[in-house]
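Dear colleague,

Please find below the structure that I am handing over to you. My notes on what was found in it follow directly after.

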Amino acid sequence: MLTLGTALAAAGSEVAPGQEPPFKGRIDADRAKSIAYWPKPAEANPGAPNILVVLLDDAGFGASSTFGGPAQTPELDRLAAGGLRYNAFHVNAVCSPTRASLLTGRTDHQVGFGQVVEASTGFPGYNSIWPKSTASVAKILKENGYSTAAFGKWHNTPIGETGPTGPFDRWPTGLGFEYFYGFMAGWDNQWEPRLYRGTTPVEPPAKPEQGYHLTIDLVDDAIRWLRQHDAVAPQKPFFMYFATGATHSPHQVPKEWIAKYKGKFDQGWDRLREETFARQKALGVIPTNAELTPRPDELPAWESLSADERALLARQMEVYAAFLEQTDHEVGRLLHALQEEGKVDDTLVFYIAGDNGGTPEGGLEGHDVLTPDGKNASVSERLQQIEYLGSDLYDNVYAAGWAWASSTPFQWMKQVASHLGGTRDPLIVSWPRHIPDEGGLRGQFQHVTDIAPTIYEVAGIQFPDAVDGVKQLPLEGKSFAASFAHSDAPSTHHVQVFESMGNRGIYKDGWWAGARHLVPWEFWAKSNTAEIGQHPWELYNLAEDYSQAHDLAAQNPGKLKEMVTLFDKEAKRTNIYPLVPKREAQPLPADGRTSFVYRTGVERIPSQIGPKLNGRSHTVTADVVMPVDTASGVIIADGGHSGGFTLYIKDGRVTYETNARGNSTGKVTAPEPLSVGTHHIVVDVIATSPAKPGNRLFPGKVSLSVDGAAPSEGEIANLVLAYNGNLDIGKNLGTPVSTAYASPFPFTGTIETVTIDLK
């Protein structure tokens, strides 16, 4: 059996970390006496299976039809019918943390991902700095003879390291994946994503009007990789991590899928919960004695909404259900490709239908059409755009009530680690010829940390004590491979701590204690000031109460005290403290700089690591050459349709324009067209009041001057740099900042320099 760090032992020698293995042949001046030797690469154990891990994003326990939900998922149904359904499988309530645990077998805080990377703070449990002491499953498998590839969403690299200078050791290809195609952020536009192949930014192969969609593209690339792999080394097992951007916001999907759900959610979320619960009982995916938990007081009853509100919000769920069904269809294409390659029988599939519960991040109303300050437009204005939800016009997401309905039968949803609505998701396992109980149900308590050790067991790999000379933290998870063949195999996971955004939970041998912090849609606004402990600890006996319907805290204070004490012990052991550390500025490449000089060829600089313009006066200076008086295009753009600024030439005239959340919020155009020759363009932006905390408002004044002439002046209502935007010189990649042009609108003249000076 080969293990990491000893793979070369098969050639007859142990190799110290950092040293080359000794030559095992013979070298002599006489070539007739010399003996050649080729070191043997690591080889997988005989019978080691291919591994495919599929991870959906923001799909709750009760979203898919496979677990009683309203979104039709026939491909997942088919996989479950030939495999196993796990109905007590747990995740970490938020995306980056779940991924960290999945890929390492340790708790999220041990890997530095107690929060999403955007909320990183300078504490070991929250800094998003993946430690070398927690080697990834991809790293271990690669060193044991596997090919490794990752597709889709990553979201496990510090923001400051996501630019073109890296460092790249915490990118997928620095953590054991030999190939990566996907995006680095928590979400991206499904129609115009920011993609990377390896560490190199690449543009989507087509435009939305040509039929492009991110999930389709990811599956196409995964199938291409699989076929390339099998063309060269079909005997070599592979590990494929396929993590879709779906069904995270923005909920964007082709309209033909949305049409299938028209009118399907007019009954609202209260009734949908009841319908889903009934289907779950009928399918047998929840126990017969499970109870449907009530709607929390913080969510409105569906019937309390106006007719217009119900029409708008029902449409949101139509789009979401369509998004999930389309995702199921596309993942199904990948599964069918395995069959075409003759790999089905030899491939162990873990299909995790959600990295957390349904997302409440749309708040009580959802969002789509926004005002410049980030608030929802009026319901009547939003209704006028209802047919465009799901298109490339809006970064839409459904209301929190649908997140609750998608997490049936449990309380709460994503972010709420104190309750099962945030932490329990479907798991389907397929491994033909190794699972005799086709279509079977498994109710053992398991956690996402258990995936890695299960993979190691079935691949015959002994986890190493050290990797690249670094002593490894012990695995937290435990293999549940025994349950593949034995429905009555005991759970291998006895204790598990949960924490997300101050919501705490602790599990031990059938008992669960949890304490909420803030309702999810208030966290980002209140996390730095809200006192922890406003909600009491609750206690549940999961062995008898599958859905956490009965709080036993008052009846069993002794058990509650025991569980809270255990939480404190586990929190100290796994880097959970301090709870909800205050959000603070992360280290970024732009720190301390006030002047930024760019030239032609600079592009795809993530907006999050570029100059911080929100709320700060600055000057943009550009020196350009017009070869002809009809030259046009973008000189500099930072952002996209959901926010940013752009300086461009159209019809010979220079224009500076700002965007905030899909709204043009300021536009100044030079009065005269540019002549042939060199021109010096200066844009002065003066903030007239400080940016307000939370919404990054930027009221200001702008003046645009060309070649020292009297400036054209105007006002900016707001400037917001898009979360998923880029800074580009000579073009506007991705979605356009301005509706005056279509991306990429390359500049047809010459750009000498563009400078941004902060004041």
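This is a predicted model: local features need pLDDT of at least 70, side-chain atom pairs count only at pLDDT 80 or more; totals for chains, interfaces and linings use all residues.

**A buried strand residue**

A622 is buried, its relative accessible area being 0%. A622 belongs to strand β21, which covers residues 618-626. Apart from neighbours within four places in sequence, A622 has contacts with I635, L647, H679, H680, I681, T753 and V754. Between the C-alpha atoms of A622 and I636 the distance is 8.6 Å, and 14 residues separate the two along the chain.

**The nonpolar cores**

The largest nonpolar core holds 95 residues. Those that touch the most other members are L52, F151, M240, F242, W269, Y351 and W402. The greatest contribution to this core comes from helix α7 (residues 307-340), which supplies 15 residues. A separate, second core has 90 residues, among them L84, F177, A243 and M626.

Which residues does F242 contact, leaving aside its neighbours within four places in sequence? They are L52, V53, V54, L55, F151, L218, V219, A222, V331 and L334.

**Helices α4 and α7**

Helix α4 (residues 214-232) packs against α7 at an angle of about 10°, and their axes lie 9 Å apart. Angles under 35 degrees count as roughly parallel, and α4 and α7 are therefore roughly parallel to each other. On the α4 side, the contact is formed by T215, I216, V219, D220, A222, I223, L226 and R227. On the α7 side, the partners are Q326, T327, E330, V331, R333, L334, A337, L338 and E340. By type, the residues of this contact comprise nine nonpolar, three polar and five charged. V219, A222, V331 and L334 take part in this contact, and these residues are also among the contacts of F242.

**Helix α6**

Helix α6 runs over residues 268-283 and has 16 residues. From its first C-alpha to its last it reaches 22 Å, close to the 22 Å expected at 1.5 Å a residue. Which residues of α6 are buried? They are G268, W269, L272, R273, T276, F277 and Q280. Helices α7 and α9 (400-405) are included in what covers them. After α6 comes G284, with a positive phi near 80°.

**Backbone features to note**

Most residues other than glycine have a negative phi, and most peptide bonds are trans. The following places in the model depart from that pattern.

- The peptide bond from G166 to P167 is cis, its omega being near 0°. P167 sits in the loop between β4 (147-153) and β5 (179-183).
- The peptide bond from Y577 to P578 is likewise cis, with omega near 0°. P578 sits in the loop that lies between α14 (557-573) and β19 (595-598).
- R433 is not a glycine, yet its phi is positive, at about 75°. R433 is in the loop between β10 (427-430) and β11 (440-442).
- R604, also not a glycine, has a positive phi of about 55°. R604 is in the loop between β19 and β20 (605-606).

Are these two arginines buried or exposed? R433 counts as exposed, because its relative accessibility is 66% and the cut-off for exposed is over 50%. R604 counts as buried, because its relative accessibility is 3% and the cut-off for buried is under 20%.

With kind regards

Terms used:
Residues are numbered from 1 along each chain as its sequence is written. Side-chain values use heavy atoms; hydrogens and water are left out. A nonpolar core is a set of buried Ala, Val, Leu, Ile, Met, Phe, Trp, Tyr and Cys residues joined through side-chain atoms within 4.5 Å. Buried means under 20% relative accessible area, exposed over 50%, partly exposed in between (1.4 Å probe, protein chains only). Helices (H or I, at least four residues) and strands (E, at least two) are DSSP runs, numbered from the N terminus. Contact means heavy atoms within 4.5 Å. Axes are lines fitted to C-alpha atoms, for helices over the stretch in contact, and angles run from 0 to 180 degrees between N-to-C directions. Angles under 35 degrees count as roughly parallel, over 145 as roughly antiparallel, 65 to 115 as roughly perpendicular and the rest as oblique. Ala, Val, Leu, Ile, Met, Phe, Trp, Tyr, Cys and Pro count as nonpolar, Asp, Glu, Lys and Arg as charged, and the others, Gly among them, as polar. The expected span of a helix is 1.5 Å times one less than its number of residues.
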